Every structure is written in C-alpha cells, then in structure tokens.
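Have the sequence and the 3D view ready.

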Amino acid sequence: MKNVPVLEMEHVSKNFGELEVLKDISVKVEEGEVVSILGPSGSGKSTLLRCATNLEKMTSGKLSYMGETDEKEMKKYYGLVFQNFNLFPHFSVWKNIVDAPISVQKREKEEVYSQAKSLIKKLGLEGKEDSYPCQLSGGQQQRVAIARALAMQPKILFFDEPTSALDPELTAEILKVLRELAKEKMTMVIVTHEIDFARQVSDRVIFMDGGVIVEEGVPEDVIDHPSNDRTQNFLKKLQRE
C-alpha cells in the first residue's frame with residue numbers, strides 16, 4: 001500500500017490584492033522527513049507556512065494532511081513554532097504547555113502532565129515550570145514554544161525562522177533541540193537562514209524566490225552544487241554576510 005504523505009500542497013497560489021506571493025507551488029512531505037526552506041526575504045517562505053497551517057487562506061490549490069482535507073480535522077496533525085515565540089504572557093511555562101492538550105484536545109490530565117514533565121526535562125526547562133515568559137531568555141521562551149507544540153502530539157511541526165530573534169549563543173541552543181528532534185524522526189518543515197544546519201539535518205532542501213520553488217533536492221545538490229543562478233547568488237550573498 002502506498003504511503004500517504006503527511007503534508008501535500010498542490011498548485012497553491014496566494015494573492016494579497018494584486019500581489020501574487022505564491023505562484024503554483026506543490027510540496028509533499030513524507031513521514032519522518034526534515035525539509036528546510038531557504039530563500040531571500042519576501043520570497044514567500046513564511047506565507048507558504050501560513051497557508052499550510054490555515055493561518056492564511058490559499059487563493060487557489062489543495063491542501064491535505066494524511067489525506068484529510070477538512071480544515072477542522074487537519075488542525076490535529078500540525079504544530080507551528082513562530083520566530084517571536086507567541087507564548088501566552090499571563091500563563092506560566094507549565095500552563096503554556098498543558099493548557100491546549102487538556103482544554104482543546106480534551107485529553108486526560110494525568111497523561112498530559114506526565115508528557116509535559118518529560119518535555120520539560122527533554123528541553124532543559126527544569127525549574128522554570130512556574131516562571132512566566134517575561135522571566136525567561138529568548139532561547140528558553142523558544143524552547144517552551146517547542147514544548148507547547150510537541151505537547152499537542154502533531155504529526156508534523158513547522159518552524160518559521162525559529163532562531164531569527166535570537167543571538168548566536170541562543171541560536172545554537174535551539175538548533176541543538178531541532179537536531180535532536182530530527183534524530184528522533186520528527187517530521188519537520190523549517191524555514192531558516194542557517195545554511196550549515198540545513199545541510200546537516202535536512203533530507204531535502206527547497207529554495208524559494210519570487211513566490212516559486214526555484215530548486216529542490218538533497219542538501220548536497222541544492223546547497224553545495226546549486227544548478228540555478230538565483231540559488232547560487234543567494235548562497236554567495238549569505239556566505240559574504
């Protein structure tokens with residue numbers, strides 16, 4: 001029997017008024033796959049993630065998770081981690097992690113609490129359970145955001161430039177967490193500017209520019225031997241920075 005992709009986007013376009021931000025994009029992500037999306041600012045990367053998670057309505061195209069196309073049902077399959085954390089400021093770390101599984105998914109408290117404890121340990125947040133987001137470093141806040149997303153037991157996690165708001169030391173801290181998740185075969189789609197990281201952890205790299213997928217393939221091809229001029233110029237520019 002053929003495996004159903006975790007995520008399938010077919011011929012997706014997105015317009016904001018006259019501006020066409022995504023132009024006929026098709027993407028499939030298989031279970032356990034790590035896909036990194038690279039590209040200059042304004043290339044449509046974040047909009048693609050927002051369409052994939054129904055934060056933006058596609059202008060046209062099809063979206064499915066595990067073959068499911070009903071929007072309410074699809075929500076169960078994915079989690080999204082933002083670049084600016086988006087934690088609930090009036091909730092403690094503990095409540096940020098356990099609230100949605102209990103109130104939205106209606107899961108048993110004992111099961112959720114047990115999972116939250118192991119996520120807190122796994123993400124190095126012991127002792128911070130009663131802290132509020134304003135009392136945490138950026139790296140700690142981002143780790144809480146990842147724990148909160150994982151607590152929903154998604155089939156796939158999206159990361160929208162998860163390190164862009166962090167300094168280099170905290171960036172390394174978050175990339176380490178993502179590496180661990182990749183080792184555990186968590187299905188992930190990561191919009192990132194961290195080229196070395198994308199090379200090391202991705203099964204596949206997508207390069208976007210001008211609202212289209214310019215090039216995609218294994219990291220060795222797209223990052224080390226890009227065939228398209230736009231990809232080559234983008235990578236050269238990044239290396240100079």
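This is a predicted model: local features need pLDDT of at least 70, side-chain atom pairs count only at pLDDT 80 or more; totals for chains, interfaces and linings use all residues.

Residues are numbered from 1 along each chain as its sequence is written, and side-chain values use heavy atoms, with hydrogens and water left out.

Start with H4, which has 14 residues. Helices here are DSSP runs of H or I with at least four residues, and strands are E runs of at least two, numbered from the N terminus. Below, buried means under 20% relative accessible area and exposed means over 50%, with a 1.4 Å probe and protein chains only.

| Group in H4 | Residues |
|---|---|
| Buried | Val 112, Gln 115, Ala 116, Leu 119, Ile 120 |
| Exposed, on the face turned away from the buried side | Glu 110, Lys 117, Lys 121 |

Down the axis of H4, the buried residues fall within an arc of 140 degrees (taken from the directions from the helix axis to the C-beta atoms), so they line one face. An α-helix has 3.6 residues a turn, so residues three or four places apart point the same way. The buried residues of H4 pack against helix H3 (93-103) and helix H5 (138-151). After H4 comes Gly 124, with a positive phi near 65 degrees.

Now for Thr 53, in the loop between helix H1 (45-52) and strand E4 (60-65). Is Thr 53 buried or exposed? Thr 53 counts as buried because its relative accessibility is 6%. Leaving aside neighbours within four places in sequence, Thr 53 is in contact (heavy atoms within 4.5 Å) with Tyr 65, Tyr 78, Leu 80 and Phe 158.

Notes. The expected span of a helix is 1.5 Å times one less than its number of residues.
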